[in-house]
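The following exercises concern the structure shown below.

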Amino acid sequence: MRAAPALLLAAAALQANAQSPTDLAPPESPAFTVLGMSPQNVTRPSSPKALAAALLNGMDQSGNFQTGFAIDTTPYLMIRGVKVSLASYSEHYLTRLLARASLSLGTTRGATSTDKSTRLASGLRATLFDLGDPLGDAQLESCIEAAATAYETGFVPQSRIDSMEKELAARESETARKDGESDAQFVERQLKTMMDRRDLEKRKAKNAQLATKLGADRTKCMADSRKRNFNRSSMVIAGAPAWISATGQNADMKWNGGGAWTSIAYGFDNVPALRNTTQILFEGLYRSRETVADPANSGQFLVQNRAVIGGGVRVGKPNFQVFWEGTYIHRHAAGAVPDGTFETAMSAEARITDGLWLNLGIGTESGRSNGANKLFILTNFKWGLSPDRTSKGPGN
Amino acid sequence: MKTGMNDIYLAPDKEKPTLTINMEGLPLITYLFKLVDGNETVLWTHSGKNKKGTNQQFPLDTTLTVPQLDQLILELVGTVTSLDGSEKPYSVAVTITQDGKDQRMPIDNMPDTKNGVANYDSAVRLCVP
């Protein structure tokens, strides 16, 4: 593990996303997927974060230790930024498609004598639909509106409070009787000033109460949204070209084929007993001209095409989920007979703090024709945050 | 009377003023406009949400008279919430238009919308030119 980048990323995530209440786990990086370095073969098709990064460590399917780093962005939102309104997002499919398209860049490096290669991939991922997208959550919108209405109805603008305070202070300073003012009028005026002071203090106290309640109500709206949305139905398609340097030297970097895949999740959206806990997923992937370490010849590489089809079930809550998957992988290396293996894997994903997630996966394969079945273990730190919009809005 | 609030000048014999809210980006903004007189009587309200971003318009739908305009205050209280937890900065701008002339309603209390949530409020005194 390269500790320094990991700590920097964790610190950045903590700082940038400290109260992000719709903090859901970023999906697997397309770059890691095409490099075969995701803890899961079956990836989650949820909407991407505007900016996400992942650090990866572990033993890959060839039994070699790998480290990796990937960064994902949503370029449309980065470029268009404040020009995309909530209305256009919710009403226009093309806007959603563009806004949820993510661009990924990832690299992995072998850390053993049998595999010192550096792999590089850039991926493009499009979310065709996602029922768990918080930007399309009508219940969240209604919840926030209800909280806002209660606040807006009772809150007195600060400039009015300041104005009242100024006017009242002037009256309070008039402690002497005015010319021609009777005793009764003087007492009545003083009494009214005192009553107005009491009313003003009540307004100030009510303002503070309303602001506090709004914050609590809004946080609850967001928390409820997370529970509703973390495992909804969704679908993505993705593709990624890849490059490899078998020696690990930049000068030896060359094209290494690419991959395309689709992933579909069903979140039991209309099944009350399962909709807040369970999700089943399916994935199909084709990877061409993949250079991998030859398990039979140490230090050698072979080029293969790989097809993966599989499914899995994810169970848990927004902050912790376990995932089981079963996949069939068909490999056809140049000059070799096609080989097929079955892989099963278990993984767990936990939210460490806002924006920061740890994913640990362990799996094994069976059915290799040469009997060289492997155990693989991968850990993946992921963090994701929404964009820090640096452009100023119309009020600035 | 000098209130310390900003002044917006309206003419009762001209067309009805139009309020325009501008907002950029993906957050949901909500607002409540309230027109009150010197006795705190509410003469008109308009509440809603703005998802369309720019140029959400509606008329200040009340009949204004010269005596009224000596003591009317237009209040605005609202919220900004980014549904996906997006970060700062977001802001709201309000203009009041009458006979093609725009006057900006300053947002007095527009705190930093860090973490995608903010409350804002403003109040202006309506006056005769």
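**Exercise 1.** Determine what percentage of the residues of chain B count as buried.

*Solution.* A residue is buried if 20 or more other C-beta atoms, placed from the backbone, lie within 10 Å of its own, exposed if 12 or fewer, and partly exposed in between. By this criterion, 47% of the 129 residues of chain B are buried. The model is predicted: local features need pLDDT of at least 70, side-chain atom pairs count only at pLDDT 80 or more, and totals for chains, interfaces and linings use all residues. Residues are numbered from 1 along each chain as its sequence is written, while chains are lettered from A and ligands numbered from 1 in the order in which they are written.

**Exercise 2.** Describe the secondary structure of chain B and its order.

*Solution.* Helices (H or I, at least four residues) and strands (E, at least two) are DSSP runs, numbered from the N terminus. Chain B has 1 helix and 9 strands. Along the sequence, their pattern is β-β-β-β-β-α-β-β-β-β.

**Exercise 3.** Decide whether Asp183(A) is buried or exposed.

*Solution.* Asp183(A) belongs to helix 8 (residues 183–229) of chain A. Asp183(A) counts as exposed because it has 8 C-beta neighbours inside 10 Å.
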